[in-house]
Amino acid sequence: MSVDEQKIPQATAKRLPLYYRFLKNLSSSGKLRVSSSELSEAVKVDSATIRRDFSYFGALGKKGYGYNVNYLLTFFRKTLDQDEVTKVMLIGVGNLGTALLNYNFLKNDNTRVELAFDVDPNKIGTKISGVPIYDLKDLKKHVTNDVSVAILTVPAQTAQTVADELVETGVNGILNFTPARLTVPDDVRIHHIDLAVELQSLIYFLKNYPLEK
Ligand code: ATP
């Protein structure tokens, strides 16, 4: 494929997993093609944006035909490294951490939480959904350099200290579920998911910008 992946804008790249999941479902139900309006309805992204996004993938929809599902899937698999399993670790096996370990991203067969860390002696040495929980002080011992992504579900007040340790271990991506804003070196990417803020923001929008029927 001659598409230069570097040229995909970040906003488009963020939508890739969404498209990928939907197309995988379509493909397993035997669909060979899909129109941008069908996609738009399913993933709630307007069809002009979808057409623009897909043009970056070298996928040009044909009028009256739509997009070839298999072509897109092959592209997404390659771009999202779906042929390779990404190993992930989780730090902080509290309520949210436990829920994420049980969830274990099974809908996405190429991302797996392989190991978890905590400081609570009652949790260390146990397993949740088959994922072993180790003592955080043994982080370096257990983390090999093929685990470079971490999910952070520790209390907010310890988040920065833990993030510093993760960076030292060679982690280059952190999915931060804590409300803390983290400071990390420029070559470390942080994606922040603050569930409380998201919920408050939804409620604010419902109150102030009600959708019309
Ligand atoms: P729980 O009720 O199990 O304590 P919680 O989500 O309410 O869950 P938190 O206080 O948010 O609890 O802590 C989340 C998890 O992070 C707990 O399992 C706690 O033991 C763990 N934890 C606390 N400090 C650290 C740390 N410095 N490093 C790693 N894990 C930590």
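Predicted model: local features only at pLDDT ≥ 70, side-chain atom pairs only at ≥ 80, totals over all residues.

In which helix does Ile-203 lie? I found Ile-203 in helix H8, which covers residues 195-208.

Next I checked how open Ile-203 is. Its relative accessible area is 41%, so I put it down as partly exposed. Ile-203 also belongs to a nonpolar surface patch of about 390 Å², together with Leu-199, Leu-202 and Leu-206.

Then I turned to the annotation. UniProt, in an unreviewed entry, lists residues 18-57 as "DNA-binding region". I see 72% helix and 5% strand over that stretch, and its end C-alpha atoms sit 15 Å apart.

I took helix H2 next. Its buried residues are Ser-36, Leu-39, Ser-40 and Val-43. They span an arc of only 100° around the axis, so they are on the same side of H2. That made me recall the general rule: an α-helix has 3.6 residues a turn, so residues three or four places apart point the same way. The buried residues of H2 pack against H1, strand E1, H3 and E2. Just after H2, I noted a positive phi of about 60° at Lys-44.

Helix H3 (residues 47-56) was my last stop. Here I found Thr-49, Ile-50, Asp-53 and Phe-54 buried. Their arc around the axis is only 130°, which puts them on the same side of H3. What do the buried residues of H3 pack against? I listed helices H1, H2 and H4, plus strand E2.

Note on methods. Residues numbered from 1 in each chain as written. Heavy atoms only, no water. Patch = residues over 30% accessible without salt bridge, like charges linked within 9 Å, V, L, I, M, F, W, Y side chains within 5 Å. Areas by Shrake-Rupley, 256 points an atom, 1.4 Å probe, with all protein chains shown as cover. Salt bridge = Lys/Arg side-chain N within 4 Å of Asp/Glu carboxyl O. Helix = DSSP H or I, 4+ residues; strand = E, 2+ residues; numbered from the N terminus. Buried < 20%, exposed > 50% of the residue type's maximum accessible area, 1.4 Å probe, protein only. UniProt positions renumbered as here; feature names shortened; annotations may be inferred. Arc of directions from axis to C-beta. Contact = heavy atoms within 4.5 Å.
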